[in-house]
Amino acid sequence: MKRAVFPGSFDPFTNGHLNILSRAIPLFDEIIIAIGTNTSKKYMMATLELRAEAIRRSTAHLERIKVMEYNALTVDLCHSLEAGYILRGLRTSTDFEYEKNIAQMNAFLAADIQTVFLISSPEHTPLTSTIVREIYLNAGDISAFVPPGVLEVLKR
């Protein structure tokens with residue numbers, strides 16, 4: 001079985017994330033969206049549980065997708081789930097340089113796990129969770145940038 005882990009903090013899960021995920025489905029038998037915490041970030045959705053709920057609502061229409069929370073090295077999570085791939089999206093050359101370093105370190109830690117990069121669709125290139133979070137925290141309208149499932153959770 002070709003299983004991939006799509007890791008991130010996903011605060012919030014954006015239409016760009018959904019686009020990468022939708023395009024990756026034909027490549028894998030199963031994709032596990034793994035939600036973690038980045039200690040250097042200030043979160044809009046305070047808990048992992050809220051982010052997981054928002055993502056489950058946003059991906060309910062997709063097959064072969066699972067959502068889980070994690071607090072470990074991504075390669076260790078991959079091993080525990082028998083996932084041979086890490087899925088990552090790239091928007092810019094800056095993303096590439098950052099993600100390349102992580103992928104190379106992951107390869108050093110676990111040579112049996114491959115990182116697969118998908119290039120962002122042009123309409124999603126300027127979209128980042130950080131920008132969406134700033135718009136939201138300053139009372140702006142983010143409905144064009146996130147799936148309806150995220151808005152449903154935020155409205156509560």
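## Sheet, helices and cores

Helix α2 lies across β2 and β3, running at about 175° to β3. Angles here are taken between N-to-C directions, from 0 to 180 degrees, with axes fitted to C-alpha atoms, for helices over the stretch in contact. Helices (H or I, at least four residues) and strands (E, at least two) are DSSP runs numbered from the N terminus.

The model is predicted: local features need pLDDT of at least 70 and side-chain atom pairs pLDDT 80 or more, while totals for chains, interfaces and linings use all residues. Residues are numbered from 1 along each chain as its sequence is written, and side-chain values use heavy atoms, without hydrogens or water.

**The sheet.** Five strands form an open sheet in the order β3-β2-β1-β4-β5, with parallel pairing. Strands β3 and β5 (114-119) are at the edges; each has a single partner strand, so one side of each lacks a neighbour in the sheet. From one strand to the next, the twist averages 30°. Pairing requires at least two DSSP bridges between two strands. Between β2 and β3 there are five bridges, in the parallel sense, and I32 has K66 of β3 as its bridge partner. Helix α1 also packs on the sheet: α1 touches β1, β2, β3, β4 (85-90) and β5, and its direction makes about 115° with that of β5.

**The cores.** A nonpolar core is a set of buried Ala, Val, Leu, Ile, Met, Phe, Trp, Tyr and Cys residues joined through side-chain atoms within 4.5 Å. The largest has 31 residues, of which F6, L21, I31, I33 and I35 touch the most other members. At least two residues of this core come from each of β1 (3-8), α1 (15-24), β2 (30-35), α2 (48-59), β3 (65-69) and α6 (148-154). A separate core of 10 residues includes A34, C78, I86 and I113.

Contact means heavy atoms within 4.5 Å. Beyond four places in sequence, L21 contacts F6, F13, I31, I33, T59, L62 and I65. I55, a residue of helix α2, contacts F10, F13, I33, I35 and V67 when neighbours within four places are set aside. I55 and V153 are 98 residues apart in sequence, and their C-alpha atoms are 9.5 Å apart.

**S129.** This residue is in helix α5 (residues 129-137). The S129 side chain reaches the backbone oxygen of P12 at 2.8 Å. Outside four places in sequence, S129 is in contact with D11, P12, T14 and H17.

**Aromatic rings.** Rings of Phe, Tyr and Trp (its six-membered ring) pair if their centres lie within 6.5 Å; planes under 30 degrees apart are stacked, over 60 edge-to-face, and the rest tilted. By this rule there are four aromatic pairs. F96 and F117 make an edge-to-face pair, because their ring centres are 6.3 Å apart and their planes are at 70°. F96 belongs to helix α4 (residues 93-109) and F117 to strand β5, so this pair ties together parts 21 residues apart in sequence. F6, F10 and F13 form one aromatic cluster.

**Accessibility.** Buried means under 20% relative accessible area, exposed over 50%, and partly exposed in between (1.4 Å probe, protein chains only).

| Residue | Relative accessibility | Class |
|---|---|---|
| I55 | 0% | buried |
| S129 | 12% | buried |
| F96 | 35% | partly exposed |
| F117 | 26% | partly exposed |

Technical notes. A polar contact is a pair of N or O atoms within 3.5 Å; within protein, one must be able to donate a hydrogen and the other to accept it, and residues adjacent in sequence count only if both atoms are side-chain atoms.
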